[in-house]
Every structure is written in C-alpha cells, then in structure tokens.
Amino acid sequence: MSDTTVSDHTCGPLSLDERSLPTITLGFIPLTDCAVLAVASELGFAHRQGIVLRLSREVSWANIRDKVAFGLLDGAQMLAGMPIAATLGINQLRMPMLAPFCLSRNGNAITVSSGLYREMALAGGLRGNDAPCVVGHALRAVIDEHRTQGRPPLTFGMVYPFSCHNYELRYWMAACGIDPDIDVRLAVIPPPLMVDSLRDGYVDGFCVGEPWNSLAVEAGLGQIIVSKAEIWRHGVEKMLCVPYALAVEKPDILAALIRALDEAAAWADDPAHRSELVELLAMPAYLNAPAAIIERALNGAMVPARPLAARSVPDFLVLHREGANRPPVDQALWLYSQMVRWQQSACHRGDAQLVRQIFRPDVYEAALRGGAWQAPAPGQDWDVPESATAFDPTSSSVPHLDPGQIDIAAAVAAIAVADGASD
Amino acid sequence: MGDPNLTILIIEENAVRAAILEEGMRDAGYCHIQRIADMANLLNKICAVDPDVIVIGLENPSRDTLEQMFQVSRSVRRPIAMFVDISDTATIEAAVDAGVSAYVVDGLKKERVRPILDVTISRFHVFRRLQEELVQAREALEARKMIERAKGILMKQQNLGEQEAYSLMRRTAMSQKRKLYDIAQSVVTAAQMFGQS
C-alpha cells in the first residue's frame, strides 16, 4: 500500500488562495485516534489558521519515524514513547523531537481470544465485567495451569516496542504477578494483522487501539477484557511530534497548527458532532471500517464480546476535554521509567533531564495564549495512572525486578517528583 | 561481499515487485532466494528460512515486527535492505545522511538491487562490530564494578587489606578454574543472602 495524501483526493487540487499558504504534511496511522488530525484537515480548521494541512496515511510506525527523519514528512502522529526513543537515540536513530500537542488520551484495549477467555473465566471465576486485577489474576491462573501441563507460553501482540500498548500490557501483567518477559511472549504485530493473527492462533491476545479490538469482537474471535482507561485513567496515547529543528525554524507555522488542532479536538470531542465525525473516519482514506464500530470508542460504549451488551467505559477515548491536549511532562518521565524498567534503556540522570524537554506544555500554551483553553482545576488528578493496584514505579511487589532496577525506577520517579511539580 | 551462496529472503506481498527484486538478485549472481508473501506469523517463517539478508519494502506494515525481532533477539538479527517504488535522489541522500542503519532507499529497478545488497551487508557488519564493542565495553565495566564490590565485602568481613582481598579471589578463581568475575559475583550474592552487603 502506498501512502495517500488524503487532502488531495478528498478536497481536489489546491485553490489559488491555498497555494499562497504554507503547507505542512503530517503522517498518520489509520486508527480511531487519528480523529483530530482528520478533522483539522478536512473541516477547514487548518485553513482558518492560515495553513494547508496535508495528511499522509502510513502503514507502520517505523515508516513514520523514518519519513520524519528523511524530511519526507514535516511531522506526524506518533506513539507517545516514540519522540522519547528518538530524542534519546534508543532505537538506532537519534533525532531530537518535540511533542507540543497530545492528540488523544486512552483509546486502547486488551483483547483475548474467545478460547483463552473461557479458560480464564473457569480458572479465575470471572463473571464478566470484572476489574482489571481480577481478570489479570485469572490470566495468571491459566498461565500456571499451562505451565504444569508443559504447554508453550501464551503470545500477546502489541504494536511497537516504544508504544503505550507495550507499557500498559506489561504494567497490567506485572501488577497481576505475571512477568511479561518470562511468563508470556510479546510480539509486535501491525494493527491490520492483529485480527488475522488471533484467528490463526498466532497470538492468544493483544493490546491495540480501536477499532481493532471491536473488529475482533465483531468477527466473533475475541473478548475485550481491559481498556487503557481502566489501567491509567488519562494516559497519553498519540502525540503530534515534529523535529526539534522544525519547531525552532518555523515557530509561527507550528503555533498555527497547534491552534488548528486544538479547535479540531474541541469539535471532535463534542457529542453533537459524533455522527459527522464517525462518517468522516469511516471513509476509505481514513479507517475504511464500519461507522457503527468506530462509534463505540468515541461513545465509550464497548461491546466486550458477542452476544454481550455494550458496556460503558468512561473516558475510553478522550480527544479534548479536561486539558487532554496539553502534553504532560510527568507522563513523559513515566514512559521513560518504563523504558528503563523493561530494559530498553539504561537510566541516566542526563537522559531524564532531556526527557523533560520533549513534551512541551509551554509551546502548547504559548500557541493558544488568549484562546479558550483553561488549565484543569487543581485536584484533578489526571496524570496519575490508576490501576487495580495504585501506580508506583518503585513498587517492590513486582517480583522479577531486582533491587538494582527498583533503584533505577526510583531515581527516575524521584527526578519526576522533584522537578515535575511545576507541571 | 557478493557471496553467491547467501540466502536472501524477500518479504513482499506484491508479485510484480518481488519478481523485479528476484531478477535483479539473480543477475547479480545470487541464487538462494526465497520469498514470503503472507505477513502472518512472520517470525516463525523467517526462522524457517534462516536468511543471511532480508529485503523488505519501506511501505510494508511488517517492518515494525521486523524491528522488534531484531531488538529482542540478537540471534535472529540480519542485515535488512529496504526499497521504495519511487526513484527520488533527495530521499536517498537524506536516508544515507541520516545514517539510520543498514538500509538504503532507492527506486525499484533490478539494476539497483546488487549495490543495495552490497551496501546493506557492509553497513550491517560495521553496525554489528560497533554494537559488539559497546557490549564488551559495558561488560568489562560491569565486571570491574562487581569485583570492586566483592573486594569491599571481603575487606570488611574478613578484615583483609585491599590487595589481600583481591589475591584471595584470584587464587580461588584459579583453583576452581572459574572466572574472577564469577567468584566476585558469588561473594556479592552470598553477602546479599546473609544480609551483610
């Protein structure tokens, strides 16, 4: 599949007026949480800010990363861990990036095959609608059972090594006494191949963004067991990321883009526009999926499995409300602590300081100054992950972490607490 | 370089693109060429072929899978060549300048296949050598730290001088035909178990 410049074929050639405007090209992956980009481009929000926003549909996160690095894209929708990995040079390529806008919070879910769910229900006494920790302990019981029977470990799919999906899955498993590096196998699988992999038995479950969980449910293959919103109520998911150089060289264009995205996000998060948004996302240029399925994530009305009724998951996907677009620095540090915890990166105090410079609430706020955005009221504890067990990166209850590593996580967390109070 | 016995794996769904690549490779003298057209369960399929070099399209969604495989397991790490269907000099130059890894972006012409493979393999070897040097340097540092820690424990517990503590470990390592690092690790582990570190 080659990339499609969506705006070109939906809106026709650029008008004379548009030709005089600066153009910015952003890459995206067709997932429900590309909504803000789609709206900004298609509904004229970018144009009203004096820029032409072109979107380029991409097939892999590696592709997005490389095309930004090669200058084929000005920036992109990225997984929140990607700008951190790129800035620190963890995955081959070192490229300083800025993430001045959060495109979505939450939006992922963990799905297991119908067969695995039946085993879990039996082993863990599940009754449907169980809390994340109860489901996790049921999974652990099945893993123990399989081990005594000498069966190979279960395989779970996720979308990228530096994805929130990877860290959510690992965090949830570890909190439930499952060592994600020993008790199960984790494999990167592109979202469009997840459902097929479940059908063919290559994976027993996965963590992916919508609509892929719901598509697995609709195919009668799996059951959604946990949503990201239940693990971490307001966790960052996709960020707008641009090379540091672009932010320095074209601050006005970046500011215009942030304003356009902010207005688009407000529009997209308004239930009054839900059906229009769903129709837009269902188009072949975006998700090319049934509108009724896309709607589930936006309404937070998830169908866990057929023939069960829809279950309300508050904040399943948050696009704007309660300061969702403001990049939270402490969450960047949390992601870094997970990279350290799961041995993707060594822990350096200097790196942790660098991480503080990637998510940029200051750039976001400067762009919007004078706009309608308001800081969340004090006491709204958005940025603390919630889970079956309270979040604690230093927790010694995670059995496979040796004391040295706990110290590392504690060091990162300490930096976050000491320096992050301002955020 | 240009070893005709290399097994080359083409990961490509499109039969026409795969045919161009395969023809280019045969023209370049390579004869062990295999292809995966179905991306499902990629890891097992790659292990079954056990290729020396992998060639994959830039726009293939399974690139993320491939990257993770190589991050996780050193045993399956292979040089990867990438290609795109467009011939765009600026892109090629940007890719090379970025020094991303062992891959080159170029238009898909069969004449271009051989140089891409050659560059890929040579870059991979350079990259791997650097990686190995890095790992060795880290391990050496770790070993030194471990030995220092063990020395400190022995000095405290056995009331030895620094040189004596070192000699004791060294003698033990020689008599047991084990590495000094292993002995040091045992000392540290024992101290941890008995809560005296």
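Biologist: Is strand E4 of chain A enclosed by the rest of the structure or open, and how many of its residues are buried?

Modeller: Keep in mind that this is a predicted model. A residue counts as buried under 20% relative accessible area. Strand E4 covers residues 97-106 of chain A, and it is largely enclosed by the rest of the structure because the number of buried residues is 10 of the 10.

Biologist: Which strand of chain A pairs with E4(A) over 6 bridges?

Modeller: E4(A) has a 2-bridge antiparallel pairing with strand E13 (residues 317-318) of chain A, where A:Arg105 stands opposite A:Val318. The pairing over 6 bridges is antiparallel too, and there A:Met97 stands opposite A:Pro243. That partner, residues 236-243 of chain A, is strand E10.

Biologist: Okay, zooming out: what share of the residues of chain A counts as buried?

Modeller: Chain A has 20 helices and 13 strands. Among its contacts between residues at least 6 apart in sequence, 76% join residues at least 24 apart. Of the 423 residues, the share that counts as buried is 59%.

Biologist: Which proline does a cis peptide bond join to A:Glu210?

Modeller: Most peptide bonds are trans. Here, though, omega is about 10 degrees. A:Glu210 is also among the residues that line the second largest cavity, together with A:Thr32 and A:Asp33. The proline sits in the loop between strand E8 and helix H11 of chain A, and its name is A:Pro211.

Biologist: And what is omega for the cis bond that joins A:Arg306 and A:Pro307?

Modeller: A:Pro307 is in the loop between strand E11 and strand E12 of chain A. Omega of its cis bond with A:Arg306 is about 5 degrees.

Biologist: Is A:Asn129 buried or exposed?

Modeller: This asparagine lies in the loop between helix H7 and helix H8 of chain A. Exposed means over 50% relative accessible area. A:Asn129 has 60% relative accessibility, so it counts as exposed.

How values were computed. Residues numbered from 1 in each chain as written. Chains lettered and ligands numbered in written order. Predicted model: local features only at pLDDT ≥ 70, side-chain atom pairs only at ≥ 80, totals over all residues. Heavy atoms only, no water. Buried < 20%, exposed > 50% of the residue type's maximum accessible area, 1.4 Å probe, protein only. Helix = DSSP H or I, 4+ residues; strand = E, 2+ residues; numbered from the N terminus. Pairing = 2+ DSSP bridges. Contact = heavy atoms within 4.5 Å. 1 Å grid on protein atoms, 1.4 Å probe; cavity = no way out; pocket = protein on both sides within 12 Å on 5 of 7 lines; lining within 4 Å.
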